[in-house]
Amino acid sequence: MDPDDRTRVHEVMSTPLETIDPHASLRDAARRMHDSDISALVVTTSRRAIVTQSDVISAVANGLDPNETPVSDVMTEDVETVTPDLLMEEVAAMMTMYGVKHLPVVEDDYVGMVSSTDVAAHLS
């Protein structure tokens, strides 16, 4: 198969990118994800960070108060990222290698998010 015919990240990534402040509560994060029908938010910090549905669920299951706990307490920092021109097959391999379901898309700055659902839909 010609590499030019294969799907690239920019064709399937979610945009506009949804972000959240690190000081926002987990309840705010959950509400934003629910309202936008997404499962991860980029956290606006100087380091690359995201918060996912799984992070919020784990925090609540472990007894943290979603109204009082800031996103910064449960976010994942130094996340792996991808570029818009990367092939979806490469994204699938990265997700498997790093054990993640979301990869922010970066081109100088954040431009979108690609998820395991995006990968599955376009590789099936």
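I take buried to mean under 20% relative accessible area, exposed over 50%, and partly exposed in between, with a 1.4 Å probe and protein chains only. The model is predicted, so I use local features at pLDDT of at least 70 and side-chain atom pairs at pLDDT 80 or more, while totals for chains, interfaces and linings use all residues. Residues are numbered from 1 along each chain as its sequence is written, and side-chain values use heavy atoms, without hydrogens and water.

Sheet. I looked up the strand order and found an open, mixed sheet of four strands, E1-E2-E3-E4; strands (E, at least two residues) and helices (H or I, at least four) are DSSP runs numbered from the N terminus, and two strands pair if DSSP finds at least two bridges between them. Strand E1 (19-20) and strand E4 (76-77) are at the edges with a single partner strand each, so one side of each has no neighbour in the sheet.

Strand E3. I followed E3 (residues 49-52) next: four bridges join it to E2 (residues 40-43), antiparallel, and a hairpin of five residues links E2 to E3. Leucine 41 has valine 51 as its bridge partner, and alanine 40 has threonine 52. On the other pairing, E3 and E4 run antiparallel with two bridges, and alanine 49 stands opposite glutamate 77.

Side chains of E3. I noted that Ala49 and Val51 point one way and Ile50 and Thr52 the other way, and that all are buried. In a regular strand the side chains alternate between the two faces of the sheet.
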